[in-house]
Amino acid sequence: MHDCNVFSSFLVHVTKLEKAMPLPDTLFCAQQIKIPPELPDIMKQFTKAAIRTQPRDVLQWSAAYFTALSKGEPLPVKERIEIPSAKQKMDAGLTPGLLKVLHKQLSAKGTVSVAELKEKWKDLCLPEEQLEAILQLDIFDEEVEWLKILALGCSVLGEDPEGGAARIPYETFSFLYCYLASIDGDIPKEKIKAFLQKIKEDADQQSGMVLLRNFQSQPSTQF
């Protein structure tokens, strides 16, 4: 009997609350909700980008994606899905595809701050300790030349590039090679000069571009 009285009292209080808080006059229906016409395409492109890039932290990467999209900046998106090789760990950090994304985002600036570099690195969900290890390979201030970071990034990948014929302008290749040679410190200057002369001869016959086959078998390229 006591339980019945408690329940009855509860119903009375609910009824009073309903009278004190009536339902809103306006009820929304499907016809009243307007979807921006560009939204479906934005979400479609975002989904494709996420599938190609396969970020480790979807929320963190998504924030970077939409921030770049709103500012009209290059997106943190791979051109294609990278399939790990049999000897590669699933969580290997930097990959050729991700390094290419960074190059697309930072190359136009020439010189970038270490803070911005770390921000872009984090946007791609890459391990911070890997970037710290790369920065320790040389003496950098608060500003760094992007091409030097690119060269050091290539040197730690230890993999052949995937896809079709890789090519790079001779001037860029010469800069990267000389920089890595200076970091290595064991290659004589005359050997560097002779090697680059041979590469330039090949590049002159290839519209100024250096192909992977031009230097792949040369012992001087092994740092």
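A polar contact is taken here as a pair of N or O atoms within 3.5 Å; within protein, one atom must be able to donate a hydrogen and the other to accept it, and residues adjacent in sequence count only if both atoms are side-chain atoms. The model is predicted, with local features requiring pLDDT of at least 70 and side-chain atom pairs pLDDT 80 or more, while totals for chains, interfaces and linings use all residues. Residues are numbered from 1 along each chain as its sequence is written, and side-chain values use heavy atoms, without hydrogens and water.

**View 1. Thr 95 and its polar partner.** The side chains of Thr 95 and Glu 82 are joined by a polar contact of 2.4 Å. Thr 95 lies in the loop between helix 3 (58–71) and helix 4 (96–106); helices are DSSP runs (H or I, at least four residues), numbered from the N terminus. Its relative accessible area is 10%, so Thr 95 is buried (under 20%; 1.4 Å probe, protein chains only).

**View 2. The largest nonpolar core.** This core has 25 residues, and Leu 94, Leu 102, Leu 117, Trp 121, Leu 126 and Trp 146 have the most contacts inside it. A nonpolar core is a set of buried Ala, Val, Leu, Ile, Met, Phe, Trp, Tyr and Cys residues joined through side-chain atoms within 4.5 Å.

**View 3. Surroundings of Trp 146.** Among the residues that Trp 146 touches are Leu 99, His 103 and Gly 110, leaving aside residues up to four places away in sequence; contact means heavy atoms within 4.5 Å.

Methods:
Helices (H or I, at least four residues) and strands (E, at least two) are DSSP runs, numbered from the N terminus. Buried means under 20% relative accessible area, exposed over 50%, partly exposed in between (1.4 Å probe, protein chains only).
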